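I opened this notebook to record what I looked up in one structure.

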Number of protein chains: 2
Amino acid sequence: MKHETPALFIDRSRIRQNYLDLKKALPPFRIAYAIKSNSHPEIIEILKKEGSHFETASIAEIEKLLAMGIKAEEIVLSNPVKAPTAIARALDHGVTIQSFDSVEELEKFKPYATAGSPFDGAQGDKKLPAIRPQLRIVVPNEGSMWPLSGKFGADEELWPAIFQYMKDNEIPLDGVTFHPGSQCETIAGWDSALYLTWRCIEIAREYGLNPTTINIGGGFPVDLGRKIPTPTAIGKVVLRHLKEWEKKGFKPTDLIVEPGRFISGSAGYLASRVVGVARREKTWAFLDCGVFTGMMETIDGISYPMLFSSTAEKETAMLCGPSCDSVDKMYEAQIPKARPGDAVLFLSAGAYTSVYASEFNGFLGPKMVFLDEVKDPKNLFELIA
Amino acid sequence: MKHETPALFIDRSRIRQNYLDLKKALPPFRIAYAIKSNSHPEIIEILKKEGSHFETASIAEIEKLLAMGIKAEEIVLSNPVKAPTAIARALDHGVTIQSFDSVEELEKFKPYATAGSPFDGAQGDKKLPAIRPQLRIVVPNEGSMWPLSGKFGADEELWPAIFQYMKDNEIPLDGVTFHPGSQCETIAGWDSALYLTWRCIEIAREYGLNPTTINIGGGFPVDLGRKIPTPTAIGKVVLRHLKEWEKKGFKPTDLIVEPGRFISGSAGYLASRVVGVARREKTWAFLDCGVFTGMMETIDGISYPMLFSSTAEKETAMLCGPSCDSVDKMYEAQIPKARPGDAVLFLSAGAYTSVYASEFNGFLGPKMVFLDEVKDPKNLFELIA
C-alpha cells in the first residue's frame, strides 16, 4: 500500500529500542515518556508494554492515558503552573506527583498537603490523596537547542522563600526536578544540573524538608547531524552523582526521567513531496509539508537530516510549506535540483511534528504510518504514493 | 449560558459590517474573503448571504466551500505554487482563476491554456475548462507587519521571461495580482503596488498579452492599537489608479479584493483566564490560551489590545500559554496584578487564531461562540465560566 504525503513513518522497533537503551543507561530510574512529543496511542501502547511510565502537562493528557489503562501512579504531572481545578482533578484521578516552581503555585497546593481534602468534582465523600510536590529548579540550559528556563523553574535566590512557605504551611517537599532543555547536546548540562540539585537538597534540609524523589527531566538529544552524547555517557554522569549523594547519606527512593524527543524523535521519518519550485533571487522549493503541517520547530532553528529520491546535482534552496502564509518557511538546505514530485525524507522527525500540526489553509498534517522496523530509510520512498 | 475559556467570541454583525464597509470603499470590486484567516462555516454563511466571494489556497478549502453551496465562479485560487494535481482538480471543480509567479508554475498551467484538456480525475469524457492565469507580482510590503514577498511574487526582472514563455506557449495572461502584506498599515503600500501593476500591464502588452483581471489581494489592517488607514482611504487610492488607467484606455473587466483579517479580525474577542502566576526576575502570567491554542502570531510580533476583568494596579508581565513548551510565550504587557482566575480579553483576535490552533500538550484551542452583536466588549466577561 502506498501512502499519500505528507506521511510520518514510525519505526516501532526503534521506539522500543530507544526505551531499552535509556533503561540500560539509567537502571534505577523510572522512565516517564513525555507524551507531548508524540501522543499517538500506538507509541503509548508500545511503551506501556515495555513497562514505561508517562509524563503529562494537562488533564486531557492524563485522561487519555487513564482511558488506555495506564495506572495513575505511572503518571507524573510535570507542568509547574496549572489551573487550580487541574491540580484537584489530577489528584482525584490519583496523579499525585505534581511540579511547582513558585510560592504562587504552592498556595494552590496547600489544601492538598495531606490526604483527605474534598474535591467538588469527586463523587460522594471521596477524598483526595495528598499531593507530592516537586520543586522545579532552574538549571543552566547550556547546550540545549531550546533553553527552557525563564518560563519555568525557581533559581537559588527563590528557594529560601519557597522552603519557608512550605515549612510554615506544613507542605512536604517530595522531590526536586529540573530540565536541561530540549535536545541538550552537551553532558555539562546534566552535570551542572545535578550539582545544583544537591545544593537545593541541602538548603531544603535546613528548613526541615526531606525530598526523596529526583526527576531529571528530559533533554536527551537525537541525531540532527551534530555530535551528541549517548544515553550511556549521560547516564554515567547521572549515576556518578547518585553515588556521591549516597556517600553523603542521601539515597532517593523515587528516580524519574522524562524522555520525549529521545524516544519518539529518531523513530520518525517524515516523507514529503515537492509541489513546486520558483527560481528567483533564491530558489524556493515548496513542499507538501511545512510549518503548519508538522515542521513548526524549524521556525525555532531546527533542521533535520534529509534523504532525497532525486539524484540530481544539488543546489541551495529555501524549503517552505504549501500554505499562503509568509511564516511558512523552513530553512535553506542543499537539495537535489528540485522538481515537482521529488520526495524528501526528514529524519529524526518523530517528535514535536505531528503534535504541532493544525489544519491551517486546508493543508492537513502528516498521516502517521507504523512500521515494524525501518532497516534502510531509503526504502521508505517506495512506500509513498 | 457561560462558556469555558479559552473562547473566541465572534460578533456576527461586525463580520457583516466589515464586508459592507469594504464594499462601500471599493464598489467595483468583487470581495473574495480569505477563508484561511478564519474558516468557520458560520462566518462563511454570513458572507455568502451578503454576496461575498471567497479566496482559497488549497483543494480542501475549495471543496469545503463547494459543499456549502458556493459556486465555483465565486472562488479564486490565489496560491501561486500548487501541486500539479491541485491545479487540475480545481479546474475540474470549475475554479479557473489561479495564481502563478514563476515559469515553473506556468509549465503546470500549459495543458489547461485552452478549454478541453482531459483530467484523470474527471468522469467519462468530462473536459476541463481553460485556466485564467493571474501573475502574482512582487510589490514593496512597506508598512506590513508580515511582509509576504520573498516566498511569493515575481519581480520586474522576471516578467520578460514569464511573458515570453506565455507568448511562445499561447498561454493567455488573464490578470495581475499582488499582496501588500498582511496587516498593511500605510496607504503607500497600495499606491506603490498599483504603479507596479500598471508597469506590469504595459510590459505584458509588449508581448501581446492583455490582462483584464486585477486582484489587489488583502492586507487591510485591523486596530492593534496603532494608527491605521480606513478602507475608505485605501479605496480612494485604488479608485484613483483605476481612473488613471481608464484615461489611458485600460478598464479591467474583473476586479477582486481578498480581505481576511479585515473581515474576521475585528469581529473576534478571545477570552482567556489566568491559570497561574510566577513572580521571579520577571512576572510570568500563565493563561489558558497560548501560542499553540490560537495565539501563534504573537511569536511573530503581534500584540493585541486587551481588556481585563481585574481593576488591580498594573504591573509588567510576560504573558505565556499553559503548555510546557518554551516557545509558548506571547509578549510582555502592562496588566492588572495577575491572580489565578483573572479574565483577559484579546481584541481584534478573530483572524489567524483559531485556524492556527493545534491540540499540543492536551490543551485545546478556543471554542468559537457566535453572538449577534457585541455592543460593549466588557460585557463578554459575564459570558465566561
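**Basis.** I worked with a predicted model, in which local features need pLDDT of at least 70 and side-chain atom pairs count only at pLDDT 80 or more, while totals for chains, interfaces and linings use all residues. Residues are numbered from 1 along each chain as its sequence is written, chains are lettered from A and ligands numbered from 1 in the order in which they are written, and side-chain values use heavy atoms, with hydrogens and water left out.

I found K36(A) in the loop between β2 (30-34) and α2 (41-50) of chain A; helices (H or I, at least four residues) and strands (E, at least two) are DSSP runs, numbered from the N terminus. K36(A) has 12% relative accessibility and therefore counts as buried (buried is under 20% relative accessible area, exposed over 50%, partly exposed in between, with a 1.4 Å probe and protein chains only). I then listed its contacts (heavy atoms within 4.5 Å), leaving aside neighbours within four places in sequence: K36(A) touches E55(A), E61(A), Y352(A) and V355(A), and also C324(B), F360(B) and N361(B) of chain B.

The unreviewed UniProt entry gives C324(A) as "active site". I located C324(A) in the loop between β17 (314-320) and β18 (329-336) of chain A. Its relative accessible area is 8%, so C324(A) is buried.

**Entry on D300(B).** I placed D300(B) in the loop between β15 (283-287) and β16 (306-308) of chain B. At 36% relative accessibility, D300(B) counts as partly exposed. Beyond its neighbours within four places in sequence, I noted contacts of D300(B) with V327(A) and W146(B). D155(B) is 145 residues from D300(B) along the chain, and the C-alpha atoms of the two are separated by 25 Å.

**Entry on two helices.** How do α7 (residues 188-206) and α8 (residues 231-247) of chain B cross? I read that their axes, which are lines fitted to C-alpha atoms over the stretch in contact, come within 9 Å and cross at roughly 20 degrees. α7(B) and α8(B) are therefore roughly parallel to each other (angles under 35 degrees count as such). On the α7(B) side I noted W190(B) and L194(B) among the contact residues, and on the α8(B) side V237(B) and W245(B) among others.

Conventions
Axes are lines fitted to C-alpha atoms, for helices over the stretch in contact, and angles run from 0 to 180 degrees between N-to-C directions. Angles under 35 degrees count as roughly parallel, over 145 as roughly antiparallel, 65 to 115 as roughly perpendicular and the rest as oblique. UniProt positions are given in the numbering used here, feature names are shortened, and annotations may be inferred rather than shown by experiment.
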